[in-house]
2 protein chains.
Amino acid sequence: MAAAAAAAANGAGGGGGVPRPTNPMVTPLLTDLYQFTMAYAYWKAGKHLDRAVFDLYFRKNPFGGEFTIFGGLEECIRFIANFKLTDTEITFLRSAMPTCEDGFFEYLSSIDCSDVEVYAIPEGSVVFPKVPLMIIEGPVAVIQLLETPFLSLVNYASLVTTNAARHRLVAGKSKNLLEFGLRRAQGPDGGISASRYCYMGGFDATSNVAAGRLFGIPIRGTHSHAFVSSFMGLDDIIDRTLASSDGSNKCEDFVSLVQNWLARIKDAGSLRGTFRETNLSELAAFTSYALAFPNSFLALVDTYDAAGIRLDSGDLAYLSVETRKFFRAIEEEFGFIGFGKMNITASNDLNEETIDALNKQGHEVDAFGIGTYLVTCYAQAALGCVFKLVEINKQPRIKLSEDVSIPCKKRCYRLFGKEGYPLVDIMTGEDEPAPKVGERLLCRHPFNESKRAYVVPQHVEELLKCYWPGTTSEPREELPSINEIRSRCMGYLDRMRPDHMRRLNPTPYKVSVSAKLYDFIHFLWLNEAPVGELQ
Amino acid sequence: MAAAAAAAANGAGGGGGVPRPTNPMVTPLLTDLYQFTMAYAYWKAGKHLDRAVFDLYFRKNPFGGEFTIFGGLEECIRFIANFKLTDTEITFLRSAMPTCEDGFFEYLSSIDCSDVEVYAIPEGSVVFPKVPLMIIEGPVAVIQLLETPFLSLVNYASLVTTNAARHRLVAGKSKNLLEFGLRRAQGPDGGISASRYCYMGGFDATSNVAAGRLFGIPIRGTHSHAFVSSFMGLDDIIDRTLASSDGSNKCEDFVSLVQNWLARIKDAGSLRGTFRETNLSELAAFTSYALAFPNSFLALVDTYDAAGIRLDSGDLAYLSVETRKFFRAIEEEFGFIGFGKMNITASNDLNEETIDALNKQGHEVDAFGIGTYLVTCYAQAALGCVFKLVEINKQPRIKLSEDVSIPCKKRCYRLFGKEGYPLVDIMTGEDEPAPKVGERLLCRHPFNESKRAYVVPQHVEELLKCYWPGTTSEPREELPSINEIRSRCMGYLDRMRPDHMRRLNPTPYKVSVSAKLYDFIHFLWLNEAPVGELQ
């Protein structure tokens, strides 16, 4: 449904009914120049059709945590489903690479992704370092052209989904989480991506209208300080009538009604001393807003939420507690059932730490509006996803550097224990048998020979599924709706052992390789690594 | 020219020949819902046409520095020049705000920005906290609809331009600065914006092909590790012929030529001991790349740049020095004039600090490729631009909070001293006379009564110009090309007093108000602020 809505918004795509990327700027030119210069060098060497396998993975969980949520898959699939260089794009490339032969540009014009296979972990899954989020196989020149767009679509999406999930974990399930970050996001697409992936990671709504339209995310908002300060006083309110919500009767002077109630509240014994001065321009603004939205009034107090208030400055723990007391006192004094439970929203530069601190102090906040720190991932502004060649023409490749890549086309499984928690992820060679329920299996740390453990899985899930079958006859996984992905994400988070998920000193989740893959990695490693000479 | 190119790419816009926003996702719905709910409340109160003035400004310079570069203006002007809600957008808004009256949606359909005025500091200028970057005047309901898009277009643009300028300052003018951040940027538009604004802030080129096409920015790139490891050995190279660049003769076996030279270099007396093993698959990859790009060879060594090398890991200071020595030895040994000066590019997680550290250690790097830390503004991922109401229906408005806004529609000037440096920015009321060259003037800190100074300016520049005249007859400033903005930015940076610009303990630049505006602010402040009661 989300895909359908976006298709309607963007124009349907050409690729097997898969719509185009949500952002029209995501085209085959949205890549690093070196992908095209390499493609030329491959073509020139006659190697462009060599069958290559690349892993897309990250090396370290963000935000000091021990988990990540995978986001961005749908956009990658939309990208390759519609991959085709236009004539004007080819013309630009010719001008950018003037020494390249004509035949190369003819080849580029002919490229689509019908001979590319993409295997991926479902979007919204909890994922861990080193295990490929995606395995991409196809002609080496084509796969290189996919590298930068895929990384650009996955890196930030996964980072901000993870950030949102972390905010959900600290806020608890009962709170309303609102994403308010558009104005501080890194460019307009940063803002739209943030709204989408924060929802996927567990937020309830966004302030971003365009994201609401594109993805069907609930949208929320009331008014800002500017609205409050645009009123000079109660005389600014011309039309003072207010019909009851069923239309059965009408209040002719709502402003007077407000003033009368204000006087009654000030005089009420249990509330005496709570009130001092009332700023009449603020009162005018709130009254006016109530006239416009009688059924969904929310006032910004420093600014005020259906009915309720929004606290946007000061000591939010203290103010929320005092506000709650006041609401309860009004409920008691005047017998307004439910008034004491009225909504208290808090905003103002919130992040994981401040919510954690509010929890420790005690607060009465029902909803958190979170912007800058959430959408820019202020605590860590990038996730270092990489895209590494692991096999070419069936020959395994390894990259030796500070971070050694794991060679070979692989299969990846998650093994679950007796209590239902995931115990370990394991990577095996492509042709090894899958781990079996009830059968003891040796799981080895990929690089540390002393770290290994036997596991008897109670349940086994293969992690990567086929999202783009290319030249194979495998069935293609459907792209689920954003709400399905969000539910799955919440479900995955619930299934994790709590000590992997806690904020303070979380336990690392184990990622392993099979004994056979371990031996092969180390054989290749020794083979490739030069023997040093001490001088 | 940049605007023309982008217009060609995006389709010309409707607004007085101003093209549409570069990113097609930038539409009137790219805003916070509360802008629409407020617009409704204004409309409902009959206040929607009230003439309002808003300032867009920031409160603190980013990255621990004392200056900021203003970016994003052209996109704001493109946005308002083409501002019009489509019928499908109105339909969506009706569904999102089901309790609002029909008349309001008719009003929304009718809105354009012909009655809006935008004054702004030229894009690429050095700017300071509190001084409005933009002053926006028009019907209050319309201006509120502009708030979020303007902030979204200015916040990240200014932040990343400033980050790029800071990298240029630390790297020095003679180095080549290459932006390689697309894959780690916050969404595809984050990547495209980063490439554009990093160029504006002083970078020389980008790896981002789409940004090259959209803005005419020079693009650069060679090859990655994957290219190197895709070769098994020299047998992979089929076509071994290489014609000389003038086509006059042809080398039949370039591979053998490379091997012969390798042997000669290994044997050369002055180079003995420098070489150990040669990895033949790497040699094959480099040879192959050289065959594809004989005139612009750059090798990635951990990977190798026309001609030259790229260092992507290890101790870059040491490796660059050793590489330079080696190049020089080859120049001397074989008499290849200029070989010693061959290009050394460094990449691998560089940022301001690492370049500063390399400078201190001493290095031989000619070009820096900078990605993640640059484009995500890792050191500070957001600039807190705000949009505040300062006047409505000619009545000044002030917002009291931790940061008091400066009320009134203002004029802003930069005053220059004898040595040509800017001394202070001053804000005055709209109707005050402009500061005059040679006339003594009192400049006051807006909030601190003891901070004030007399200045006799040698040169006066009015900071904000009219970029969208709306209902006035003022001439409209043209939108300059990206290269003009970049040159202006470099020029402005050169004119600043060096102590404002240094990395360590920079001197804050002074921002002031006129004596008359000071008195008025404090009159309003006392009037608005409630007198506390201690209990």
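Which strand of chain B holds Val460(B)? Select Val460(B) in this predicted model: the residue lies in strand β20 of chain B, which spans residues 459-462.

**Stop 1: around Val460(B)**

Show the neighbours of Val460(B). Leaving aside residues up to four places away in sequence, Val460(B) touches Tyr413(B), Arg414(B) and Leu415(B), and also Pro435(B), Lys436(B) and Val437(B). Val460(B) and Gly335(B) are separated by 125 residues in sequence and by 57 Å in space, taken from C-alpha to C-alpha.

**Stop 2: a sheet in chain B**

Stay in chain B and select the strands β15, β14, β1, β5, β3 and β21, which in that order form an open sheet of six strands with antiparallel pairing. Its edge strands are β15 (395-396) and β21 (465-468) of chain B; each has a single partner strand, so one side of each has no neighbour in the sheet.

Inside this sheet, pick β3 (residues 117-120) and β5 (residues 134-139) of chain B. The two strands run antiparallel and are joined by four bridges.

Next, display helix α3 of chain B, residues 73-81. The helix lies across β3, β5 and β21 of chain B, and runs at about 45° to β21(B).

**Stop 3: between the chains**

Show both chains. On the chain A side 104 residues are in contact with 105 residues of chain B. The area buried between chain A and chain B is about 8,700 Å², and carbon and sulfur atoms give 61% of that area.

**Stop 4**

**Stop 5: a sheet in chain A**

Select β19, β18, β22, β17, β16 and β20 of chain A. In that order they make an open sheet of six strands with mixed pairing. β19 (452-455) and β20 (459-462) of chain A stand at the edges; each has a single partner strand, so one side of each is left without a neighbour in the sheet. From one strand to the next the twist averages 35°.

Zoom to β18 (residues 441-444) and β22 (residues 510-514) of chain A, an antiparallel pair joined by two bridges. Arg444(A) stands opposite Val513(A) in β22(A).

**Stop 6: two helices of chain A**

Finally, select α7 (residues 188-200) and α15 (residues 482-495) of chain A. Their axes come within 8 Å and cross at roughly 50°, which makes α7(A) oblique to α15(A). Show side chains for the contact: α7(A) contributes Arg196(A), Tyr199(A) and Met200(A), while α15(A) contributes Ile482(A), Asn483(A), Ile485(A), Arg486(A), Cys489(A) and Met490(A). Coloured by type, the residues of this contact divide into six nonpolar, one polar and two charged.

Terms used. Residues are numbered from 1 along each chain as its sequence is written. Chains are lettered from A and ligands numbered from 1 in the order in which they are written. This is a predicted model: local features need pLDDT of at least 70, side-chain atom pairs count only at pLDDT 80 or more; totals for chains, interfaces and linings use all residues. Side-chain values use heavy atoms; hydrogens and water are left out. Two strands pair if DSSP finds at least two bridges between them. Axes are lines fitted to C-alpha atoms, for helices over the stretch in contact, and angles run from 0 to 180 degrees between N-to-C directions. Angles under 35 degrees count as roughly parallel, over 145 as roughly antiparallel, 65 to 115 as roughly perpendicular and the rest as oblique. Contact means heavy atoms within 4.5 Å. Ala, Val, Leu, Ile, Met, Phe, Trp, Tyr, Cys and Pro count as nonpolar, Asp, Glu, Lys and Arg as charged, and the others, Gly among them, as polar. Buried area is the accessible area (1.4 Å probe) that two parts lose on being put together, summed over both.
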